[in-house]
Amino acid sequence: MNINRVLVIGAIVAVVLSVPFFGPKWNRMMHLLGAILFLGNIIVTAVWASLGRRSRDPEVVRFLVRGILATDAIFSLPAVILLVMNGGVLGTTWFQAGAPWIIVSVILFALTGILWGAILVPVQKKLRRVVDAMPQGGPIPAEYDALMAKWFRFGGIATLLPLVTFFLMVFKPAF
């Protein structure tokens, strides 16, 4: 599977599904689909990364790192497009009204994107280089453990922020 092709196809599909002429209910459904894909991927990836990390089997480690990159391309990127495009269509009225919950939500989601782009993606690329350079059957380099520790630390933050965003979007609290 060519990840670049998957990225392009996933992005095109997400953009087409976000076109506002389908109506607000469609945009709401696509926004919710984006939230499900995004939150589902980051939570499930964290769980199976925890399990895979514990195995210390070099081939499991190699599969784990490649899987993290693949699922981000297949699920997270299209989900972000669905969230941003459909959220933009749906959130305009709330922004114009100055609803604090949506402003905070967008800031938290933007912080998630900054963490993902500035820290997590570079760490994932380094992880891929480390495991690709690892000889068949190991040993697992010490650099892998340091990078995974960083990935979990910042990944935890990048998981909590969208969960708070999700709460704000559902409950729309008055601050």
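Trainee: Is L111 buried, partly exposed or exposed?
Mentor: L111 is partly exposed, because its relative accessible area is 39% and that class runs between 20% and 50%. Keep in mind that this is a predicted model.

Trainee: OK, and where is L111?
Mentor: It's in helix α4, which covers residues 100-133.

Trainee: Which residues make the nonpolar surface patch?
Mentor: F95, I103, V106, I107, L111 and I114 make it, and the patch comes to about 510 Å².

Trainee: Which helix gives the most to that patch?
Mentor: Helix α4 does, with five residues.

Trainee: Switching topic. What about T159, buried or exposed?
Mentor: T159 is buried: its relative accessible area is 16%, and buried means under 20%. You'll find T159 in helix α5, residues 142-171.

Trainee: What does T159 touch?
Mentor: Leaving out residues up to four places away in sequence, T159 touches I42 and I43.

Trainee: Which residues of α5 are buried, then?
Mentor: There's a list: Y144, L147, M148, W151, G155, A158, T159, L161, P162, T165 and L168.

Trainee: And what do the buried residues of α5 pack against?
Mentor: They pack against α2, α3 and α4.

Trainee: How far apart are the end C-alpha atoms of α5?
Mentor: They're 44 Å apart, and that agrees with the span its 30 residues should have at 1.5 Å a residue.

Trainee: What follows α5?
Mentor: K172 does, and the phi of K172 is positive, near 45°.

Trainee: Let's do α2. How many residues does α2 have, and how far does it reach?
Mentor: Helix α2 runs over residues 24-55, so to speak 32 residues, and reaches 46 Å from its first C-alpha to its last, close to the 46 Å expected. After α2 comes R56, with a positive phi near 65°.

Trainee: Which residues of α2 are buried?
Mentor: Those are N27, M30, H31, G34, A35, F38, L39, N41, I42, T45, A49 and G52.

Trainee: Why would residues three or four places apart point the same way?
Mentor: That's because an α-helix has 3.6 residues a turn.

Trainee: Last one: where is A70?
Mentor: A70 is in helix α3, residues 58-97, and it counts as buried at 16% relative accessibility.

Trainee: How far is A70 from V6?
Mentor: In sequence A70 and V6 are 64 residues apart, while in space they are 9.1 Å apart, C-alpha to C-alpha.

Methods
Residues are numbered from 1 along each chain as its sequence is written. This is a predicted model: local features need pLDDT of at least 70, side-chain atom pairs count only at pLDDT 80 or more; totals for chains, interfaces and linings use all residues. Side-chain values use heavy atoms; hydrogens and water are left out. Helices (H or I, at least four residues) and strands (E, at least two) are DSSP runs, numbered from the N terminus. The expected span of a helix is 1.5 Å times one less than its number of residues. Buried means under 20% relative accessible area, exposed over 50%, partly exposed in between (1.4 Å probe, protein chains only). Contact means heavy atoms within 4.5 Å. Patches are made of residues with over 30% relative accessible area and no salt bridge: like charges are joined within 9 Å, nonpolar side chains (Val, Leu, Ile, Met, Phe, Trp, Tyr) within 5 Å. Accessible areas come from the Shrake-Rupley method with a 1.4 Å probe; for residues, only the protein chains shown count as cover. A salt bridge is a side-chain nitrogen of Lys or Arg within 4 Å of a carboxyl oxygen of Asp or Glu.
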